[in-house]
Amino acid sequence: MEAGKAIFETVEKLRQRRTAPLVLELDLTEGLTEGPPTDPLSAVLSMRKTRLSDVLSGLKRARQDSRVKALVVKIGSNPLGLAMVQELRQAVIHFRASGKLTVAFAETFGEFGGGTVPYYLASAFERVYLQPSGDVGLTGVALEQRFVKGALTKLGVGYEAGQRHEYKTAVNTFTQDHMTDPHRESMSRIVESVTESLITGIADGRRLDPGKVRELIDRGPFTAGEAEEAGLVDRLAYRDEVYDEVKQAAGDDAHLLYVSRYTRGAAVKKLPHPTADGIALIHGTGMIRTGRSGRSPLGGGGAMGSDTISAAFRAARRDQHVKAVVFRVDSPGGSYVASDTVWREVILTRKVKPVIVSMGDLAASGGYFIAMAADVIVAQPGTLTGSIGVYGGKPVLSEMLEKIGINSEMVAEGTNAGMFSTSRGFSPEQWERVNAWLDRIYYDFVGKVAQSRDLTRERAHELARGRVWTGADAHAGGLVDELGGLEDALALARKRTGLADDAPVRTYPRLNPLERLRGPESSEDKSAALARIRLDAWGPLARLSAELGLPAAGPLLLPDWYVLR
């Protein structure tokens with residue numbers, strides 16, 4: 001009897017859980033991952049991280065689910081990129097428009113530090129709660145560039161580099177001791193454009209006048225009490241108080257469920273037919289290099305390998321059930337050759353089915369190169385893109401080596417055999433070769449921009465010159481077609497191909513366990529798109545291993561300082 005009673009109670013609890021009102025929960029304290037793991041190490045490192053795509057699709061479905069009553073999100077100090085935040089804001093605003101409660105809670109928006117972007121995310125919610133001991137670090141936007149030329153000079157390190165053109169400033173940190181006028185102009189406009197987006201979003205979300213928001217930014221940061229008085233938060237409360245209030249609004253028997261678990265559960269319930277027509281989603285994340293995608297076992301960001309991405313495009317192109325490709329790009333760039341390889345695959349795919357690019361936080365330099373040939377480019381206002389240019393050079397360590405008693409001698413056959421040695425500078429003849437290389441890459445890059453974006457070469461050059469643009473400004477200039485996020489790109493792909501609004505999205509390459517184990521039969525095999533752990537990629541030690549040189553990933557790269565917190 002006791003066993004029967006226990007079984008009955010368990011079944012009853014499961015029944016109640018299946019029918020109880022739902023409060024969806026999202027914890028952003030560990031951040032989000034852009035896409036699925038590309039290799040075994042990435043899978044382990046991202047095991048507990050939620051995917052952005054799961055959040056977006058889950059909130060989209062929840063808008064129509066009568067069981068879902070509310071969304072509560074904990075916003076942490078782990079920084080999210082501005083474009084990712086704008087994707088989340090857009091999803092929250094649509095969810096909120098369906099009449100469901102949205103609540104943002106933070107222990108602090110910056111603890112004695114900046115918290116402008118996290119607060120910008122919170123402002124999209126109907127209610128914003130802050131722990132009484134917290135702060136609102138609404139202080140505005142700042143980009144800072146450090147110049148190490150003086151330090152290198154003291155060490156006896158020279159730096160020889162060329163760039164195309166004046167706005168391609170990635171190498172300036174080594175060759176200058178201050179901002180050049182074009183450098184300052186570019187950074188100032190980025191800060192201005194981002195600030196415009198932040199003010200507009202906060203003003204709309206908090207129902208404040210934009211001028212008032214501008215004034216508040218200049219007064220920040222705020223203590224919790226000051227933030228409540230200024231109307232930046234609705235109430236000061238601890239987590240238990242916030243959750244009690246949300247559950248009360250949703251119903252006494254409301255059940256908490258993470259958005260990612262809700263998404264996976266919905267996917268299991270509605271498994272599409274394996275041969276149903278749908279959209280292929282290809283993620284291009286990280287620095288671009290030749291070979292296969294992967295990451296170093298020593299850490300650092302993952303790399304996007306041209307072989308991996310190309311194989312994914314080929315697999316999607318050959319699959320008759322794939323009607324369009326959405327290419328999600330989140331990359332600061334890298335190798336020119338690898339970027340050109342991916343560009344070619346985009347061109348080939350476009351001949352047989354639409355290709356829509358969705359830009360993440362970064363799609364600049366090589367990241368723009370691989371995106372520019374798409375039928376449509378969709379970016380967030382805060383995406384950093386463009387940077388159509390090139391640089392190249394090397395450090396010269398001869399003086400430093402002499403100071404520490406190291407003598408370097410070389411035996412070579414060929415006039416330019418030792419051209420890339422860091423123990424001597426370029427000769428005039430070698431500079432001619434460097435400049436010819438830079439000119440060739442820039443000419444090719446700008447020509448392909450003009451061809452892909454239907455611009456004259458002159459206009460493409462005006463927009464290029466190495467300049468970084470926000471998505472908002474790139475849209476105004478014609479480098480981007482539409483402003484929006486991944487869900488907008490997927491909706492556009494479905495519309496262009498006449499697919500239903502709920503047509504399946506499949507991440508490519510799609511591999512079964514056997515295909516993963518046996519390895520590829522040839523470079524045409526879709527399992528050739530598998531990533532790997534790169535033992536030759538030194539992660540955070542890359543710059544040191546390159547003898548203070550430029551990043552080994554290549555000449556089309558956005559500098560590290562283009563990061564907004």
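Helix α20, which covers residues 486–497, has 12 residues and reaches 17 Å from its first C-alpha to its last, close to the 16 Å expected at 1.5 Å a residue; the expected span is 1.5 Å times one less than the number of residues. Helices (H or I, at least four residues) and strands (E, at least two) are DSSP runs, numbered from the N terminus. The structure is a predicted model, in which local features need pLDDT of at least 70 and side-chain atom pairs count only at pLDDT 80 or more, whereas totals for chains, interfaces and linings use all residues. Residues are numbered from 1 along each chain as its sequence is written, and side-chain values use heavy atoms, with hydrogens and water left out.

Within α20, the residues L486, A489, L490, L492, A493 and R494 are buried, where buried means under 20% relative accessible area, exposed over 50%, and partly exposed in between (1.4 Å probe, protein chains only). An α-helix has 3.6 residues a turn, so residues three or four places apart point the same way. Just after α20, G498 takes a positive phi of about 70°. Helix α17, at residues 428–453, has 26 residues that should span 38 Å at 1.5 Å a residue, and its end C-alpha atoms are 37 Å apart, which agrees. Just after α17, D454 takes a positive phi of about 55°.

A search of the whole structure finds 27 salt bridges, each being a side-chain nitrogen of Lys or Arg within 4 Å of a carboxyl oxygen of Asp or Glu.

R465 lies in the loop between α18 (457–463) and β22 (468–470), and E166 in the loop between β8 (158–164) and α7 (172–175), so the pair ties together parts that are 299 residues apart in sequence. Both residues are partly exposed, R465 with a relative accessible area of 25% and E166 with one of 32%.

The side chains of R235 and E245 likewise meet in a salt bridge, at 2.5 Å, N to O. Finally, R189, E192, E196 and D473 are linked in a network of salt bridges.
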